[in-house]
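Here is a short briefing for a first look at this structure. Keep the sequence at hand as you read.

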Amino acid sequence: MAAISSKNEGWKLKLLRGSFLTAAILFILFPLYWMVITSFKTEGELFADQQTFFPQNFTLQYYLDPVEGIFSPNNPFMQFFINSTIVSFASTLLCLTIGAFSAYSLARFKMKGKRNERLSFMILTARMLPPIVIVVPLYLIMQQLGLLNTLWAMLIVYTGFNLPFVVWMLKAFFEEIPKSLEESAMIDGSSRFMAFIKIVLPLALPGLVATSIFTVILTWNEFLFAMFLLNNTDVMTLPAGISTFITQYKTNWGALTAAASMSILPVLIFSFLVQKHLVKGMTMGAVKG
């Protein structure tokens, strides 16, 4: 009887856990679902008193319409998309290049006392700083450098702001790789730099992929810096560009939701293509991350 009772309690616990997880997933995904289905509704449905959970009259107006569609020649959406792609992937590549060397140094070269830990914490505190605190100084700096309304400004800012996060993550991944592998390579005549390139980086590839995904997402979704540093639609990134669909006199909900729906596709596709490495990377850094 005790075994049956224990089995029933286990079944009830699994059911409760499954119900809770399902409810949490629905709660998280519902806004995304609503955004996507809104982009396929007609203007009459958008402003109807009784909203529906699925478009009654499915339309691609806000995607393909020659005047209002986000892919029309007069709509700057594609320029926003290109700008975000350039800035996000260039910034991520730069962060990984600089961050890999910095993280490797912290992971392998131990300083006296607890200076490694203190330095690592100091690097992380830069990422803890609220962006709104430094946006005005950054604006003044970029103004003095003549970089306002340029993609260079965003590349510099995003690289500097995301670099502490990259260093912190990669440090945990590099610490998981045995030092003996590099030492064996150096005994065979390889320099430390070549051992890092040929031994450490290939083994840390899952960690690099996981870090790159998080960095791309952080950069792709960033809004505050883009809003303050970019005023020209020719150089706006997606978050700042999509906000231009909200004007003083009208909010173009159809185009706004269509643009927002399209903006999530690149990150989803990129994550799907590297999902195998992402899972390995998250597991790899789980012990000391």
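How many of the 11 residues of helix 13 (residues 253-263) are buried? The count is 9, so helix 13 is largely enclosed by the rest of the structure. Buried means under 20% relative accessible area, exposed means over 50%, and partly exposed lies in between (1.4 Å probe, protein chains only). Helices are DSSP runs of H or I with at least four residues, strands are runs of E with at least two, and both are numbered from the N terminus.

This is a predicted model: local features need pLDDT of at least 70, side-chain atom pairs count only at pLDDT 80 or more, and totals for chains, interfaces and linings use all residues. Residues are numbered from 1 along each chain as its sequence is written, and side-chain values use heavy atoms, with hydrogens and water left out.

**Helix 13**
- The buried residues of helix 13 include G254, A255, L256 and T257.
- A258, A259, A260, S261 and S263 are also among them.

**Salt bridges**
- The structure holds 3 salt bridges. A salt bridge is a side-chain nitrogen of Lys or Arg within 4 Å of a carboxyl oxygen of Asp or Glu.
- E182 forms a salt bridge with R108, and their closest N and O atoms are 2.6 Å apart. This pair links distant parts of the chain: E182 sits in helix 8 (residues 179-187) and R108 in helix 4 (residues 77-108), 74 residues apart.
- Both partners are buried: E182 has 2% relative accessibility, and R108 has a relative accessible area of 10%.
- E182 also meets R192 in a salt bridge, at 3.9 Å from N to O. E182 lies in helix 8 and R192 in helix 9 (residues 192-203), so the pair ties together parts that are 10 residues apart in sequence.
- R192 is partly exposed, with a relative accessible area of 33%.
- Shared partners join R108, E182 and R192 into one network of salt bridges.
- E175 pairs with K171, with the closest N and O atoms 2.8 Å apart. The two are 4 residues apart in helix 7, which means about one helical turn separates them.
- An α-helix has 3.6 residues a turn, so residues three or four places apart point the same way.
- K171 counts as buried, at 15% relative accessibility.

**A buried lysine**
- K41 is found in the loop between helix 1 (2-38) and helix 2 (43-46).
- K41 is buried yet has no salt bridge. The nearest side chain of opposite charge is E45, 5.4 Å away. Here Lys and Arg count as positive and Asp and Glu as negative; His and the chain ends are not counted.
- What does the side chain of K41 reach at 2.8 Å? It reaches the backbone oxygen of T52.

**Surface patches**
- Patches are made of residues with over 30% relative accessible area and no salt bridge: like charges are joined within 9 Å, and nonpolar side chains (Val, Leu, Ile, Met, Phe, Trp, Tyr) within 5 Å. Accessible areas come from the Shrake-Rupley method with a 1.4 Å probe, and for residues only the protein chains shown count as cover.
- A nonpolar patch of about 1100 Å² has I25, F27, I28, L29 and L32 among its residues. I264, L265, L268, I269, F272 and L273 also belong to this patch.
- Helix 1 and helix 14 (265-273) are the elements that give two or more residues to the nonpolar patch.
- L29 is in helix 1. L29 is partly exposed, with a relative accessible area of 46%.
- K112, K114, R115 and R118 gather in a patch of positive charge on the surface. The place of a charge is taken as NZ of Lys, CZ of Arg, CG of Asp or CD of Glu.
- R118 is in helix 5 (residues 115-128). R118 is exposed, at 56% relative accessible area.

- N149 has a positive phi of about 60°, although it is not a glycine.
- Most residues other than glycine have a negative phi.
- N149 lies in the loop between helix 6 (131-145) and helix 7 (151-175). N149 counts as partly exposed, at 29% relative accessibility.

**Distances across the model**
- D188 is in the loop between helix 8 and helix 9. D188 is exposed, with a relative accessible area of 69%.
- D188 and Q51 are 137 residues apart in sequence and 70 Å apart in space, C-alpha to C-alpha.

How values were computed:
A polar contact is a pair of N or O atoms within 3.5 Å; within protein, one must be able to donate a hydrogen and the other to accept it, and residues adjacent in sequence count only if both atoms are side-chain atoms.
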